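Open the model in your viewer and keep the selection panel at hand. The stops below are given in the order in which to select them.

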Amino acid sequence: MAELFDSIGIRAMKLPHRIIMGPMEKGMANRDGTLTQRYLGYLRARAAGGAGLIQLESTYVDTIGMGHLYQVGCHDDSVLDGLRAAADAVHEFDARLALEIYLGGRESPSFMSGLQPIAPSVVPCEVLHPMPTPREMTTKDIDWAIAAFCAAGRRLKKAGLDMAHVHGAHGYLVGSFVSPFSNRRTDSFGGSLENRARFPVMLVQALRAELGEDFPIGYRLTADEYIADGLGIAESAEFAGMLAEASVDLIDISGGFYESNYMIMQGSESPDAGFLSHALQIKAVVGDRALVSVAQRLSRPGVAEEVIAQGIDMVSMSRAFHADPDYAAKRRAGRAPEIIPCIACHHCVDELEANRVADCSVNPFTTREFLRGVGRGDRRVPSPVVVVGSGPAGIQAAIELAEAGSAVHLFEQRDVIGGQMAMAADVQGDFHRFLDYAVARLQRVGVTVYLNSRADRGLIAGITPELVVVATGARSAPLAHLSESEGMPVLGLFEAYGQITDPGTIVIAGGHVASCILAVHLARGGNRVILVEPGDALAADQPGWGREQIERLVHNTPGIDVRLETTVENARDGSVQLQAHGSSEIRTGVDIVVVGGRQSENALAEQLLADPNFAGRVLVVGDAVRPRNIHTATLDGMRAATLGAAAALALV
Ligand SMILES: Cc1cc2nc3c(=O)[nH]c(=O)nc-3n(C[C@H](O)[C@H](O)[C@H](O)COP(=O)(O)O)c2cc1C
Ligand code: SF4
């Protein structure tokens, strides 16, 4: 039976193991689709970190199919130099590079290219804003598209890449032909599965003719669109058989399309390896005619091993490599606890959707590989260092400074590290992975951690630190007019975690992310929760996919009654007055009211900054500056470590 770290071949290409670094757009190319030095640094780090086969990202074969402003292109010869440099960078570490070629089709926002998108039928994608209306492709357009894919194939081969991977998943042009939801044609490219499969099969055959018998060709397939009238597993398994016949070497199983985008990249609420059963059904159809790989939530140790043990040939992991460039090497060496784990927070995809660089919440060096080592080397590091607060900002600063050589003392007033992450971890389960990693890493780099220890000015002064990093996080916002309520408890957001022990009816005023998480936490504990938000959406302090994930979590949790565009006017003796659109409602039988906002916990920062004894030695990071998110916290932590070295230099 094959194992995860057994080598494998795809035609003439030899791979060291069975983990594919899956395709991820990073918003890191130039506006003209060429690769940047920053992109090359990202790739080099992952190849050096043990990746075997690297699939770059959705790469447009013509600008009409672009998805984002800073996406990689393979649409004309101007991209060749960059692709060649990428192949060279990856080959240096004996990894292999595949390009995922695509056209966005009905899922292309037309403002990227200024062109009307093309699609099998006029079925606009309602989740895109603004929503473009595609034009139905003529048979001439179909020939043109096949020629464009072949030209891209020619280019990637010429640039020295090792594999062409057709993006037939996630509802983009190629996959939308197979989908009965997106393809409503009545000609020979629509109707029966055979007709809907005609364009992708012709495309693969043309690519094979273009690239020759030795060149590996892959195909990413959405096995299930998770929508009524969409593509389901029975048809996609049959279609996979057609792909194998058309000489596809690797069929990579994913799921979902934009209308069911929550299936494309899943969060903590989803099980590991959710597409495995689909992959097994497809493997049963294609047999030895093609290799089959599967994507989605496979990075937890043991999961990928089980997938391979069940007979799937390879596993695809995307966010795991984004969070930790050394993922494969650490797994191979049995160093899994050292892996920086993805917490499925959706920050990267939200950045991408905003046409910004898709950096990572848990690893501030992701997409900033050029910063690795800044502040290290011969530079003097501050030592000793006191870090106050062990949320993600404090953790990041402590780790970086200790690795650079500082003696770091980390103080945490609670009995566990993690700050707000630790509070949210029972709801957002993947946070536990990060906290477990952080505990192990802090220990390994030699940080002295003091739990149940509130650091004040005197205690800190006793250590005579050269640098103090204040990462005290956030506290509950003032209770405002509700604090005057009589006859019933009114709590702040954070107090609610510890003080609500007996199940009852709880009103939470304010529906930001932290309140939503508290609502789920309380509802799971048997409480009835009325979540009251003055605005028209929950979790509005988080963008896009991340917001939708939280919203889904709330709506799928029994026991939460969501009231949008509603305010809590007053609370008295178990009654709460809610106001919506000029009319009010009295809710009786309420046990507790929680006021959901956060504000910076910056009292210590203010004290130290005002104290001449600490002049030039204090850096304030994370939510202690302003309540934000995990990404800004770790980024602040990393900057503090770098700045700390600079501050120490200034003191010499
Ligand atoms: C920021 C981001 C960008 C992505 N870009 C692509 C892409 O360009 N092509 C693609 O096929 N899938 C893309 N995906 C989906 C991933 O390849 C992968 O299928 C998904 O994240 C689930 O796998 P994972 O749990 O290993 O991350 C992207 C995912 C993320 C988070
Ligand atoms: S930003 Fe969040 S979802 Fe994306 S790779 Fe990093 S931890 Fe995972």
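Select Asn363 and Ala323: a polar atom of the Asn363 side chain lies 2.9 Å from the backbone oxygen of Ala323. The Asn363 side chain also reaches the backbone nitrogen of Phe365, at 2.9 Å. Both are polar contacts, meaning pairs of N or O atoms within 3.5 Å; within protein, one atom must be able to donate a hydrogen and the other to accept it, and residues adjacent in sequence count only if both atoms are side-chain atoms.

This is a predicted model, in which local features need pLDDT of at least 70 and side-chain atom pairs count only at pLDDT 80 or more, while totals for chains, interfaces and linings use all residues. Residues are numbered from 1 along each chain as its sequence is written, chains are lettered from A and ligands numbered from 1 in the order in which they are written, and side-chain values use heavy atoms, with hydrogens and water left out.

Stay on Asn363, in the loop between α12 (347-353) and β13 (385-388). Helices (H or I, at least four residues) and strands (E, at least two) are DSSP runs, numbered from the N terminus. Is Asn363 buried or exposed? Asn363 is buried, because its relative accessible area is 3%; buried means under 20%, exposed over 50%, and partly exposed in between (1.4 Å probe, protein chains only).

Move to ligand 1, which has 20 residues around it; Pro23, Ser58, Glu100, Arg220 and Arg319 come nearest. Show the distance from a nitrogen atom of ligand 1 to a polar side-chain atom of Glu100: 2.8 Å. An oxygen atom of the ligand is 2.9 Å from a polar backbone atom of Arg297, and an oxygen atom is 2.8 Å from an N or O atom in the Ser318 side chain.

Now go to the backbone. Select His129 and Pro130, which are joined by a cis peptide bond with omega about -5°. Pro130 is in the loop between β6 (118-119) and β7 (135-136). Another cis peptide bond, also with omega about -5°, joins Ser383 and Pro384.

Finish at His581, which is not a glycine but has a positive phi of about 50°. His581 lies in the loop between β23 (575-580) and β24 (583-587) and is exposed, with a relative accessible area of 66%.

Conventions:
Near = heavy atom within 4 Å.
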